[in-house]
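Biologist: Let us read this model feature by feature. Where do we start?

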Amino acid sequence: MNWIKAILSSGASSVLLNGVLGKVFHCRRGVRQGNPLSPLLFVLAADPLQSIMNKAREIGLFTLPLPLQHSSDFPIIQYADDTLHIMEASARPLVTLKSLLLSFSNSTGLKVNYSKSSMYPINISGQKLNHLAITFSCATGSLPFTYLGLP
């Protein structure tokens, strides 16, 4: 833990304005873009989310939206600092997800930016999609993929 703390608190930055390098200031926390350890540290911090979602599925708060042959994990895809939840298009599990994400955020300090989050539908009406997006406080999108993606 001391090693990780040292990495996160050892960064220094400065602002380049009109070709003039400004005063150096020290970064005291957070992962930095371009640091090769940043993705690993994010995965270590975000991994408990998978456990939370699996436990919620086990106790019946969620159902698997797709039959999975090789895993019983709830389908979550993470890349860098992006997270994709694949789930049924229904308000009750969506409210549960938002509550779990809030609890996760309070525990880890990782926060969902709902204004940058989007919901992608498959086989649901525009009216239902708008209702779900309002429920989740996010935007709607449409892609030629077949999933409902939440942040």
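Modeller: With the elements. Helices (H or I, at least four residues) and strands (E, at least two) are DSSP runs, numbered from the N terminus. This is a predicted model: local features need pLDDT of at least 70, side-chain atom pairs count only at pLDDT 80 or more, and totals for chains, interfaces and linings use all residues. Residues are numbered from 1 along each chain as its sequence is written, and side-chain values use heavy atoms, leaving out hydrogens and water.

Biologist: What follows H2, and what is its phi?

Modeller: Gly-60 follows H2, with a positive phi near 90°.

Biologist: How do I read an aromatic pair?

Modeller: By the distance of the ring centres and the angle of the planes. Rings of Phe, Tyr and Trp (its six-membered ring) pair if their centres lie within 6.5 Å; planes under 30 degrees apart count as stacked, over 60 as edge-to-face and the rest as tilted. Two such pairs occur here. Phe-62 and Phe-74 have ring centres 5.3 Å apart and planes at 45°, so this pair is tilted. Both Phe-62 and Phe-74 are buried (under 20% relative accessible area; exposed is over 50%, partly exposed in between; 1.4 Å probe, protein chains only).

Biologist: How are the rings of Tyr-114 and Phe-136 arranged?

Modeller: Edge-to-face, because their planes stand at 75°, with centres 5.2 Å apart. Tyr-114 lies in the loop between H3 and strand E7 (118–119), Phe-136 in helix H4 (residues 126–136), 22 residues apart.

Biologist: And a charge over a ring?

Modeller: NZ of Lys or CZ of Arg must be within 6 Å of the ring centre and within 35 degrees of the ring normal. The charged end of Lys-98 sits over the ring of Tyr-114, 4.7 Å from its centre. The charged end of Lys-98 also sits over the ring of Phe-136, 5.9 Å from its centre.
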